[in-house]
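Subject: Structure handover

Hello,

Here is the structure for you to look through. Please open it first, then read my notes below.

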Amino acid sequence: MPTKLIAVTIAIVVAAAGLLWWATAPSQMAGHSMTPPDTTELALGAPIVDVSLPTELDQKEEMGKRAFEAACAQCHGQNAAGQNGVAPPLVHKIYEPSHHGDEAFYRAVSNGVRSHHWDFGNMPPIEGLTRADVGTIVAYVRAMQSENGIQ
């Protein structure tokens with residue numbers, strides 16, 4: 001068997017194994033240090049976390065708040081506190097900038113997200129938001145996170 005054919009065959013096998021792992025990996029990251037809170041005692045739709053509100057928002061954050069309320073709060077709850085059984089809180093250590101950078105939010109909106117930290121199922125892509133809209137939402141979420149000691 002020629003060397004190039006062996007190399008191509010190995011590359012295909014490695015790629016197939018990676019794809020198989022990705023498709024069958026558990027929805028929770030095994031051994032992940034940022035464990036979601038226990039929500040078994042919360043009523044369906046109840047906020048998952050308590051959120052302290054910033055005393056002031058700048059113009060971009062205020063625009064983000066309005067965009068969040070229009071496009072995100074239905075699932076992620078008022079003030080990004082999450083809703084039990086619906087969607088996770090974005091004001092949570094799991095979404096701190098060092099773990100989920102701003103680009104993760106842009107990609108979540110445009111592509112959706114496969115469930116990997118929480119058991120709420122996959123997030124679908126969100127239609128009708130521009131990259132600029134998402135930028136204001138990210139600014140708002142980051143302001144909320146900062147007010148709650150998540151940096």
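One term comes first: a residue is buried if its relative accessible area is under 20%, exposed if over 50%, and partly exposed in between, using a 1.4 Å probe and protein chains only. The model is predicted, so to speak of local features we need pLDDT of at least 70, side-chain atom pairs count only at pLDDT 80 or more, and totals for chains, interfaces and linings use all residues. Residues are numbered from 1 along each chain as its sequence is written, and side-chain values use heavy atoms, with hydrogens and water left out.

**Overall layout**

The protein has five helices and zero strands. Helices (H or I, at least four residues) and strands (E, at least two) are DSSP runs, numbered from the N terminus. Along the sequence the pattern reads α-α-α-α-α. The protein has 151 residues, and 34% of them count as buried. A contact means heavy atoms within 4.5 Å. Take the contacts with a separation of 6 or more: 70% of them join residues 24 or more positions apart.

**Aromatic pairs**

How many aromatic pairs does a search of the whole structure find? It finds two. Rings of Phe, Tyr and Trp (its six-membered ring) pair if their centres lie within 6.5 Å; planes under 30 degrees apart count as stacked, over 60 as edge-to-face, and the rest as tilted.

Start with F68 and Y140. Their ring centres are 5.7 Å apart and their planes are at 50°, so this pair is tilted. The pair links distant parts of the chain. F68 is in helix α2 (residues 59-71) and Y140 is in helix α5 (residues 131-147), 72 residues apart. Both F68 and Y140 are buried.

Now take W118 and F120. Their ring centres are 5.9 Å apart and their planes are at 15°, so this pair is stacked. W118 is buried, at 7% relative accessibility. F120 is partly exposed, with a relative accessible area of 23%.

**Helix α4**

Which residues of helix α4 (residues 102-111) are buried? They are F105, Y106, A108 and V109. These residues lie on the same side of α4, because they cover an arc of only 160° around the axis. That arc is taken from the directions from the helix axis to the C-beta atoms. The face turned away from the buried side carries the exposed residues R107 and N111. What covers the buried residues of α4 includes α5.

Y106 also has a charge over its ring. R131 lies over the face of Y106, at 3.8 Å from the ring centre. For this, NZ of Lys or CZ of Arg must be within 6 Å of the ring centre and within 35 degrees of the ring normal.

**Loops**

A87 is in the loop between α3 (73-76) and α4. A87 counts as buried, at 5% relative accessibility. A87 and F120 are 33 residues apart in sequence, and their C-alpha atoms are 5.8 Å apart in space. Not counting residues up to four places away in sequence, A87 touches I48, C75, H76, G82 and F120.

L129 is in the loop between α4 and α5. L129 counts as partly exposed, at 22% relative accessibility. Its C-alpha atom is 8.2 Å from that of A71, 58 residues away along the chain. With residues up to four places away in sequence left out, L129 touches A71, V109, V134 and I137.

Next, the backbone. Most residues other than glycine have a negative phi. N79 has a positive phi of about 60° although it is not a glycine. A80 also has a positive phi of about 60°, and is not a glycine. N79 is buried, with a relative accessible area of 19%. A80 is buried, with a relative accessible area of 0%.

**Largest pocket**

A pocket is found on a 1 Å grid over the protein atoms alone: an open set of points where a 1.4 Å probe fits, with protein on both sides within 12 Å along at least five of seven lines. Lining residues have an atom within 4 Å of a point. Grid points are joined across faces, edges and corners, and a volume is the space filled by probe spheres set on the points.

The largest pocket has a volume of about 730 Å³. It is lined by 32 residues, of which H76, L90, A108, V113 and M123 lie nearest its centre. α3, α4 and α5 each supply at least two residues of this lining. The largest share, six residues, comes from α4.

Best wishes
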